[in-house]
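Hi,

Here is the structure I promised to pass on. Have a look at it first, then read my notes below.

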Amino acid sequence: MGIFRILSAAVIGLGLATGSAAAADKIRIATEGAYPPFNFVNEQGKLDGFDVDIANALCAKMKAECEIVAQDWDGIIPGLLANKYDAIIAAMSITEDRKQSVDFSSKYALSAGQFVAPKDKTYDDTSPKALAGKVIAVQRSTTHVTYLEDNYKDSDIRLYDTQDQANLDMVSGRADLTLADQPILGDWLKTSDGQGFHFVGKPVADPKWYGEGIGVAVRKGDTALVTKFNEAIAAIRADGTFKQINDKWFNFDIYGE
């Protein structure tokens, strides 16, 4: 097959894939599977967490057959663009930068970031000046990385594939602080490894970096699927399903204002 025909076939295939999930009512959804309590692999080896419950509830409202798959965070948007799946439900913040690559539903949650440090370190001031020279552990390809790189230029920002790896370097003493979503770190602080750590400073939620909330990501131009997700999000908010899921995983309203 000539190169022109190969390219033409690829373009046609991409065109057929776009919007096909909504048309066929069969949707493949990616989540990370390594970000508890939002998404993780439970003791039975199955994907679990707030995102997974939300995904299942949305699919039920859409009367769609859905498959939820795990995908490493740093490849989750490339995988969507490569048609490996149709949507991402993985605590992904709706930011202007990500909007250049994908379209988003309306928000289904809102999560601020916050620093965590050892309990013997108070860090009443977590400003860039106060943390100059400090080693800050953060999961790569997250909103937190962009926030730190833009504001904490005099700190040593170290990137990890998962938040668990960042936490381990905190425990080992190789990092002074970590920055991640409040619910994620709040969950970790309850574990044996997290007992010697605490939240420091104020929550970080500047819309310039943290966007409009957490939403479902789909490929650019898949407006039919965005509409379906928006309607389903409104429906689970209205009928109490969202509150049931929220209260299962959090002791506060993760939807926010």
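Before that, some housekeeping. This is a predicted model, so local features need pLDDT of at least 70 and side-chain atom pairs count only at pLDDT 80 or more, while totals for chains, interfaces and linings use all residues. Residues are numbered from 1 along each chain as its sequence is written, and side-chain values use heavy atoms, with hydrogens and water left out.

On to the sheet. Five strands form an open sheet in the order 5-1-6-13-7, with mixed pairing. (Strands are DSSP runs of E, at least two residues, and helices are runs of H or I, at least four, both numbered from the N terminus; two strands pair if DSSP finds at least two bridges between them.) Strand 5 (65–70) and strand 7 (102–109) are at the edges with a single partner strand each, so one side of each has no neighbour in the sheet. Strand 1 (residues 26–31) runs parallel to strand 5, and six bridges join them; A30, for instance, has V69 in strand 5 as its bridge partner.

Now the helices. Helix 3 (residues 50–62) packs on the sheet and touches strand 1, strand 5, strand 7 and strand 13 (214–219), where contact means heavy atoms within 4.5 Å. Helix 10 (residues 223–238) lies across strand 1, strand 6 (87–88), strand 7 and strand 13, at about 5° to strand 7. (Axes are lines fitted to C-alpha atoms, for helices over the stretch in contact, and angles run from 0 to 180 degrees between N-to-C directions.)

How do the two helices meet? Their axes come within 9 Å and cross at roughly 105°, so helix 3 and helix 10 are roughly perpendicular (65 to 115 degrees). I54, A57, L58, K61 and M62 of helix 3 meet K228, F229, A232, I233, A235 and I236 of helix 10.

There is one disulfide by the rule used, namely a pair of cysteine sulfur atoms within 2.5 Å. C59 is joined to C66, S to S 2.0 Å, and the link is left-handed, with -95° about the S-S bond. C59 is buried at 4% relative accessible area, whereas C66 is partly exposed at 25%. (Buried is under 20%, exposed over 50%, partly exposed in between, with a 1.4 Å probe and protein chains only.)

Last, T126 sits in the loop between strand 8 (113–118) and strand 9 (135–139). T126 counts as buried because its relative accessibility is 12%.

Cheers

Key
Angles under 35 degrees count as roughly parallel, over 145 as roughly antiparallel, 65 to 115 as roughly perpendicular and the rest as oblique.
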